Amino acid sequence: MNCLLIYFTGTFNTRYVTGKVKERFEKEGWTVTTYEIDPLNTERLDLSSYDIIGLGYPIHGYAAPWAFLKFIRHQKFPKGIKAFIYKNSGETEHANDASSKFVLRKLRRDRVNIRNEYHFLMPYNIHFKFSDHAVREILEMDRRLLEILAYEVVNDIPNLKPYKLWPRFVASVVSRPQYIGGDLNSFLYHVDKNKCNGCDLCIKRCPTKNIYRKENGEIAFHHNCLMCMRCSLYCPTDAFDIGFLQDWGWKVNGGYNLKRIEKLKLEEPFITDETTGFYHCYIETYAKINKRYKEIFGVDPVTPEE
Ligand SMILES: Cc1cc2nc3c(=O)[nH]c(=O)nc-3n(C[C@H](O)[C@H](O)[C@H](O)COP(=O)(O)O)c2cc1C
Ligand code: SF4
Ligand code: SF4
């Protein structure tokens, strides 16, 4: 099979998941090409030589990020081509369930054969920072989910069900502010010049070239922001103020070294049946992944170390 993985990533979590999906299909003998969406490049891809397309994105405001949706809408998918979605996000609340609503609408309009969708767990790049302990455990759950994805996609077993009313409403309405939120937020972003070390990492890495240096040397912003958080997450001196999100205490600074964390030994469970608060929703997600894994492979999932 000749597979193309098209994805958008802000802070590289989706790039990491894409790498895992690629590796897994290569084990099946597939040829896998990856394409990272550049929001400034609106080329139309030639998709005619692929047998199957995977679409990956991070959930932004309960929906697919605007940059991803715009790119997908711009493509012409070959009629009848197979596709699957692999999205990821920090929480597993049902409010995220219909995040692909508008992506599916476009794919169905092009008569794409889309029957599978998977929601990977990845640490937040906004709101609050996950501990290594939490990240290590969710990466193990992702490993199990990837086995399920590979089995179902390779054997043509669909898993996409109609979305419920509430998530559909959330995806249609609550997600709208992201279309203008980034541009507005550019007015509020600023960099503390006393903290900035002048490394220019934010300028070089911003996917929309939204950051520049004024003649007086100060960092400034245009109004073409995706709110992807790449600049503020990776700023080595934590010099960013990200506007109203900062006021809510939602800035996360310092990325996740996923390659390092995935090698850590799994400690005592991070999520248990007694878990309350933010991570409570993970209990149901873990149970679903483990149940499906057992249905498919006939055994309880074991971690590689066990
Ligand atoms: C503007 C913005 C909105 C987000 N909204 C959600 C959300 O609605 N639900 C959620 O679970 N995570 C949300 N997240 C967290 C990301 O989905 C998550 O950290 C993801 O792994 C980031 O992937 P990336 O590194 O490929 O950009 C949001 C992140 C950003 C920057
Ligand atoms: S990444 Fe941070 S320290 Fe580097 S130039 Fe940008 S604001 Fe300054
Ligand atoms: S300014 Fe920052 S948050 Fe906005 S697009 Fe650029 S890197 Fe992303």
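Does glutamate 28 count as buried, partly exposed or exposed? At 36% relative accessibility, glutamate 28 counts as partly exposed (buried means under 20% relative accessible area, exposed over 50%, partly exposed in between, with a 1.4 Å probe and protein chains only).

## About the model

This is a predicted model, in which local features need pLDDT of at least 70 and side-chain atom pairs count only at pLDDT 80 or more, while totals for chains, interfaces and linings use all residues. Residues are numbered from 1 along each chain as its sequence is written, chains are lettered from A and ligands numbered from 1 in the order in which they are written, and side-chain values use heavy atoms, leaving out hydrogens and water.

## Salt bridges

A search of the whole structure finds 21 salt bridges (a side-chain nitrogen of Lys or Arg within 4 Å of a carboxyl oxygen of Asp or Glu). Glutamate 28 pairs with arginine 24, with the closest N and O atoms 2.8 Å apart; arginine 24 is buried at 14% relative accessibility. Lysine 106 and aspartate 110 form another salt bridge, again with 2.8 Å between the closest N and O atoms. Lysine 106 is buried, with a relative accessible area of 8%, and aspartate 110 is buried at 8% as well.

Helix H4 (residues 132-154) holds both glutamate 140 and arginine 143, 3 residues apart, about one turn of the helix (helices, H or I, of at least four residues and strands, E, of at least two are DSSP runs, numbered from the N terminus). Their side chains meet in a salt bridge of 3.0 Å, N to O. Glutamate 140 is buried at 3% relative accessibility, whereas arginine 143 is partly exposed at 26%. Salt bridges that share partners also join Glu152, Lys291, Arg292 and Glu295 into one network.

## Around ligand 1

Ligand 1 has 23 residues around it, and Thr9, Thr11, Thr14, Ile59 and Asn88 come nearest (a residue is near if one of its heavy atoms lies within 4 Å). An oxygen atom of ligand 1 is 2.5 Å from an N or O atom in the side chain of threonine 14, and an oxygen atom is 2.8 Å from a polar backbone atom of asparagine 13. A nitrogen atom of ligand 1 lies 2.9 Å from a polar backbone atom of glycine 61. The protein covers 94% of the 640 Å² of accessible area that ligand 1 has on its own (Shrake-Rupley method, 1.4 Å probe).

## Around ligands 2 and 3

Of the 13 residues around ligand 2, Cys196, Cys199, Asp200, Cys202 and Cys235 come nearest. Around ligand 3 there are 13 residues, of which Cys206, Cys225, Leu226, Cys228 and Cys231 come nearest.

Lysine 209 sits in the loop between helix H7 (201-205) and strand S7 (211-213) and is exposed at 60% relative accessibility. Its C-alpha atom is 8.6 Å from that of cysteine 225, 16 residues apart along the chain.

## A nonpolar surface patch

Ile180, Leu184, Phe187, Leu188, Phe244 and Trp248 make a nonpolar surface patch of about 650 Å² (residues with over 30% relative accessible area and no salt bridge; nonpolar side chains, Val, Leu, Ile, Met, Phe, Trp and Tyr, are joined within 5 Å, and like charges within 9 Å). Helix H6 (residues 178-188) gives the most to the patch, with 4 residues. Phenylalanine 187 belongs to helix H6 and is exposed, with a relative accessible area of 59%.

Terms used: A polar contact is a pair of N or O atoms within 3.5 Å; within protein, one must be able to donate a hydrogen and the other to accept it, and residues adjacent in sequence count only if both atoms are side-chain atoms.
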